Amino acid sequence: MVPPSASTPPDSAVAAPEQECSGSESAVPRRVWSSTLLQVLGRFWGAGCTFLTLALLARHLDGAEFGRFTFYIAVFMLLDALADFGTGPMAVQRTATRPLELAATLITARRIRLVAGFFGFVLLGGSAFLAGEPGAPWLALAALYPMTHALELSTVPFKNRIDWRMPVTARLLANTLRMGMVLGLYFADVRTAPPYVLATALGSSTANFMIHAAARRELRSLPGRELPAIPWRPFLAKAAPLGLAGLAQQGYFYIDNLFVRPIAGETELGHYNAGVRLLSFAIMIAQYASLSAMPWFARRHKEGQLASAVARLGQPLFLCAATLSGLLIPHAGEVLSLLFNPEFESAGASMAWLLGAMAVIYFGALHLTAVVATGQTKAVSVITIIALAINVIGNTVLVPLKGIEGAAIATVATEFFVASASAFVLFRAGIQTLSVHPIRWLAAPAVFAAALMLSSLFIPHG
């Protein structure tokens, strides 16, 4: 990490926003909870738009085209990670305690994102044309959108003070626009996937433009605007491990598409990805709690109180996730049938494993974020790269044997490794999260087992 600037304010000044929100620094700041809630509410709207899209297209497109649509949505998640390449969390980690360097940091981070986003465009657009993919021009146009993530960096000042009102509002409006475009294609009776992929990409691009436009006044008033851009090489050197980790993380979440599509077929891929999308909805509280808590974790680590911070935030979330997972697993097929159509019930076994992964993710996400907060970016990179290897090996072995259920089992094994390795890295650093009220951590697997047994009693027989 670059040494602090001589103009960096004292620690008390950095911690002030949290002290305004919480009577005790040992408690989770109210802004962490309120920002998480705000993001989740915004995400519920986005999830509703996404669910409506999937529900409509599951009935409107044939099985193969629906599978192609979900495949390219997964590809774009990888392009998002490539465009970010660690610049987002590194910008937050760097400027959370060095606010005077914010403007100079954003300039460099944006340049890196533009280059990475352009590389993703060349990679996907070129591959679509070279492979002769149907609708390649639509896909190539959609591949331009990750470059707009350079504008999304305008949210960093808001993230640092844990204020998510503007970013969430922009995302909400963009999701509404995206849904409108999808409905327009639906009522125009478009029956191929690529136009819907482009509509999805345009929605995301619009959000990034809106975020930057809304943040311009804030950006113009940033202190330290007269400072030159920070050197890109040291910044990229610190961000690269996080970038590789982000790519690996998205890779082990979505790379199973590369196995399921050729082995099980595009129809089965669509059924499997419906469950993956439901999983992504279910874990959004863990994702947004981690995102909101990142600046707080960084400051608590500086004060030697990171273990208690992780426990205070993670224990109730882990318990709730384990309970919900146990209740839903016996009825996974019914859930898919109800939300999509009866054909999706055949993916119930894979959905059950994905629900098990959900509970593990709620433990692992906050611990992995805590590792980032300690500045151990290389450890994060190693964890996620090994996790990607586990997932690839798992899919290589299990998908030919068990189809989409094998892909889901590989996901559970991967997430279990991430959670365990993250906790171990923190333990080695003297941050013993599991020793903080250990009974509260143990309550989650116990309640999971009880909920699973209770819910199994209500499975209809005959």
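Biologist: What is the mean pLDDT of the chain?

Modeller: The pLDDT is the predictor's confidence in each residue, from 0 to 100. In this predicted model, local features need pLDDT of at least 70 and side-chain atom pairs count only at 80 or more, whereas totals for chains, interfaces and linings use all residues. Residues are numbered from 1 along each chain as its sequence is written, and side-chain values use heavy atoms, with hydrogens and water left out. The mean pLDDT of the chain is 82, with 87% of its residues at 70 or more. Over residues 1–24 the pLDDT is below 50, although this stretch has 35 contacts in the model beyond near neighbours in sequence; a contact means heavy atoms within 4.5 Å. Where pLDDT is low, the predicted coordinates should not be read in detail.

Biologist: How many helices and strands are there in the chain?

Modeller: Both are DSSP runs numbered from the N terminus: helices are H or I with at least four residues, strands are E with at least two. The chain has 20 helices and zero strands.

Biologist: Which residues of the largest nonpolar core touch the most other members?

Modeller: Buried means under 20% relative accessible area, exposed over 50%, and partly exposed in between, with a 1.4 Å probe and protein chains only. A nonpolar core is a set of buried Ala, Val, Leu, Ile, Met, Phe, Trp, Tyr and Cys residues joined through side-chain atoms within 4.5 Å. Here 57% of the 462 residues count as buried. The largest core has 118 residues, and Phe69, Phe76, Tyr196, Phe297, Leu336, Phe340 and Tyr362 touch the most other members. Helix α17 (residues 348–373) gives the most to this core, with 16 residues. Beyond its neighbours within four places in sequence, Phe340 contacts Phe51, Leu54, Ala55, Ala58, Arg59, Ala274 and Leu278.

Biologist: Where does Glu133 lie, and is Glu133 buried or exposed?

Modeller: Glu133 lies in the loop between α5 (102–130) and α6 (136–142). Glu133 is buried, at a relative accessible area of 18%. Setting aside neighbours within four places, its contacts are Arg68, Tyr72, Ala128, Leu139 and Arg261.

Biologist: Which residue forms a salt bridge with Glu133 at 3.0 Å?

Modeller: Side chains of opposite charge can pair when their charged atoms come close. A salt bridge is a side-chain nitrogen of Lys or Arg within 4 Å of a carboxyl oxygen of Asp or Glu. The structure holds eight salt bridges. Arg68 pairs with Glu133, the closest N and O atoms being 3.0 Å apart. Arg68 lies in helix α3 and Glu133 in the loop between α5 and α6, so the pair ties together parts that are 65 residues apart in sequence. Arg261 also meets Glu133 in a salt bridge (3.8 Å, N to O). That pair links helix α12 with the loop between α5 and α6, 128 residues apart. Salt bridges that share partners join Glu65, Arg68, Glu133, Arg261 and Glu266 into one network.

Biologist: What covers the buried residues of α12?

Modeller: The buried residues of helix α12 (residues 256–264) are Asp256, Asn257, Phe259, Val260 and Arg261. Their cover includes α3 (63–84), α11 (232–254), α13 (266–282), α18 (377–402) and α19 (404–428). Just after α12, Gly265 takes a positive phi of about 100°.
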